[in-house]
Amino acid sequence: MAAQCVTKVELTIACTNLLDKDVGSKSDPLCVLLQNTSGQQWYEVDRTERVKNSLNPKFAKKFLIDYYFELVQKLKFGIYDIDNKTFDLNDDDFLGELECTLGQIVSSRTLTKPLVLKNGRPAGRGSITITAEEVKDNRVVVLEVEARKLDNKVFKIFFGKSDPYLEFHKQTGDGNWVMVHRTEVIKNNLNPVWRPFKISLNSLCYSDMDKSIKVVECYDYDSDGSHDLIGSFQTTMSKLKEASRSSPVEFECINEKKRQKKKNYKNSGIVSVKHCEIIVECTFLDYIMGGCQLNFTVGIDFTGSNGPPNSPDSLHYLSPNGVNEYLTAIWSVGMVIQDYDTDKMFPAFGFGAQIPPSFQVSHEFPLNFNPSNPFCNGIQGIVDAYRACLPQVKLYGPTNFSPIINHVARFAAAATQQQTASQYFILLIITDGVITDLDQTRTAIVNASKLPMSIIIVGVGGADFDAMEFLDGDNGVLRSSSGEPAVRDIVQFVPFRKFQNSSKEALAQCVLAEVPQQVVNYFSTYKLQPPKNPAA
């Protein structure tokens, strides 16, 4: 599974029209930031400086906080009038607070809300404005590299030619070298041309144009892992930047052991950098803060293998507190996604049930039974529609995914008519069993991989989910039944049973971890920019 998408966000705080608690002067406000990411106690992250005698403070101190798309990061901003030198805020006048999520802030870029008291009632006056900026260097180096006259390793003189690949290493502060990129292997070729590739400037050289890069260790690949060094050289980003297709920058590939042994040794080949360009690549937050909307759709499995809903053994059985695994999955994922959709109206569908009035089997029916308007108002609306739908349908089968995938794909295809990165679609499928239309689903996913769309599958119950793991492309490229490969990995599968004893946040964190990179990959591949300039 992909690593968590984490970046730094800088929050700037300002207040207007605060309560005046001082006599003979104005309040001396300070803002304290508290965080709650696990449903436990609030803890203090940081606090600003105190601004003396101001009811409209603009705090100079910024809050720097890690941003995770996969988590609902609950924040609380408390405003206090500071009249003493103690660190404890309990002896200071409370002017009001705002509780929100970091997702709400970054999706709006600037969030302005009235302050409230600790009991939730309006503070009477005063508002807070929070502005978010991503702290980043999102420059990327695009390289085109080839080589010629590489040494052929002795064994392969008799059995073919070397299979070369390149490795790029950067030097850490303690002097060690760390690999930051490896190219593909070019089989049986002493004059290889590697595919163009990208490396983040920070990863390559800490964004330092003059920092040494051990570009290239050029290796002869061996399947047993005993790769043979052909040669290497060092350079800097400043030197690489001189490369152009009309005037490549060339380096001698040196094998030190050979040079020490052979008097007439010149080199072990030439590595030629044909093109080197530094570009600014949008991040996930650039798209979100630039106006991209995440459209969330839910598909729920109503096949007979779930068991009768009125039986305590059924996966659709509602416990005394009104929940089951389906609802837990909806809440977990939906609570994160909802912050990134302005109207918070979510389509919700069922599949695999006989539905009223004719009780024909349907693999794509709205939970509210309104085909012209399948939208539910917020995550609670999806939950309410599910609970109302459950006693009205007859669980049946089979388990077909392709109709609902194709349904969402039609909307995603329509969004491609826009020339900006304005919309991205996320489909959550919750299912209990083995998929029936595997070939059609593979084709639907391959087609959807060309669209602004991701698919999350949560498997509930104890069934065999091997087919679901197959659809998740982590272990290789998914292909349609005709052999067409997916252009992107857009499926993430998670069995719910792994999270039965974990928090809702843990499930959301796992299933959404790959979404930010999927969003970036799609929009960068098609060179689509955010609707608004996030830096404007």
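Biologist: How many helices and strands are in the protein?
Modeller: This is a predicted model. Its C-alpha atoms fill a box of roughly 85 × 75 × 40 Å along the principal axes. The protein has 13 helices and 26 strands.

Biologist: Among contacts between residues at least 6 apart in sequence, what percentage join residues at least 24 apart?
Modeller: A contact needs heavy atoms within 4.5 Å. Take the contacts between residues at least 6 apart in sequence. The share that joins residues at least 24 apart is 71%.

Biologist: How many disulfides does the structure hold?
Modeller: A disulfide is a covalent bond between the sulfur atoms of two cysteines. The cut-off for the sulfur pair is 2.5 Å. C282 is in no disulfide, and the nearest cysteine sulfur, that of C292, is 11 Å away. The count of disulfides is zero.

Biologist: Is C282 buried or exposed?
Modeller: Compare its accessibility with the 20% cut-off for buried residues. C282 has 13% relative accessibility, so C282 counts as buried.

Biologist: How do helices α7 and α8 run, roughly parallel or roughly antiparallel?
Modeller: Helix α7 covers residues 325–337, and helix α8 covers residues 378–389. Their axes come within 10 Å and cross at roughly 165°. Angles over 145 degrees count as roughly antiparallel. So α7 and α8 are roughly antiparallel.

Biologist: Which class do nine of the residues in the contact of α7 with α8 belong to?
Modeller: From α7 come Y326, L327, I330, W331, G334 and M335. From α8 come I379, Q380, I382, V383, Y386 and R387. Two of the contact residues are polar and one is charged. The nine are nonpolar.

Biologist: How do helices α9 and α10 run, roughly parallel or roughly antiparallel?
Modeller: The axes of α9 and α10 are 9 Å apart, and the angle is about 15°. Angles under 35 degrees count as roughly parallel. So α9 and α10 are roughly parallel.

Biologist: Is the crossing of α9 and α10 left-handed or right-handed?
Modeller: The crossing of α7 and α8 is right-handed. For α9 and α10, the crossing is left-handed.

Biologist: How many charged residues are in the contact of α9 with α10?
Modeller: On the α9 side are S402, I405 and N406. They meet Q440, T441, A444 and I445 in α10. By class, three are nonpolar and four are polar.

Biologist: What is the relative accessible area of T441?
Modeller: T441 lies in helix α10, residues 438–448. Beyond its sequence neighbours up to four places away, T441 touches F401, S402, I405, I435 and L471. T441 is buried, and its relative accessible area is 0%.

Biologist: How far apart are the C-alpha atoms of I445 and V106?
Modeller: I445 is also found in helix α10. I445 is buried, at 3% relative accessibility. Leaving out residues up to four places away, I445 touches I405, I455, L471, L478, I490 and V491. V106 is 339 residues away along the chain, and the C-alpha separation is 30 Å.

Biologist: Is the peptide bond from P356 to P357 cis or trans?
Modeller: Most peptide bonds are trans. P357 sits in the loop between β19 and β20. Omega for the bond from P356 to P357 is near 5°, and the bond is cis.

Biologist: What is the phi of Y206?
Modeller: Most residues other than glycine have a negative phi. Y206 lies in the loop between α3 and β13. Y206 is partly exposed, at 35% relative accessible area. Its phi is positive, at about 55°.

Methods: Residues are numbered from 1 along each chain as its sequence is written. This is a predicted model: local features need pLDDT of at least 70, side-chain atom pairs count only at pLDDT 80 or more; totals for chains, interfaces and linings use all residues. Side-chain values use heavy atoms; hydrogens and water are left out. Buried means under 20% relative accessible area, exposed over 50%, partly exposed in between (1.4 Å probe, protein chains only). Axes are lines fitted to C-alpha atoms, for helices over the stretch in contact, and angles run from 0 to 180 degrees between N-to-C directions. Helices (H or I, at least four residues) and strands (E, at least two) are DSSP runs, numbered from the N terminus. Angles under 35 degrees count as roughly parallel, over 145 as roughly antiparallel, 65 to 115 as roughly perpendicular and the rest as oblique. A crossing is left-handed if the near helix is turned anticlockwise from the far one by less than a right angle, and right-handed if clockwise. Ala, Val, Leu, Ile, Met, Phe, Trp, Tyr, Cys and Pro count as nonpolar, Asp, Glu, Lys and Arg as charged, and the others, Gly among them, as polar.
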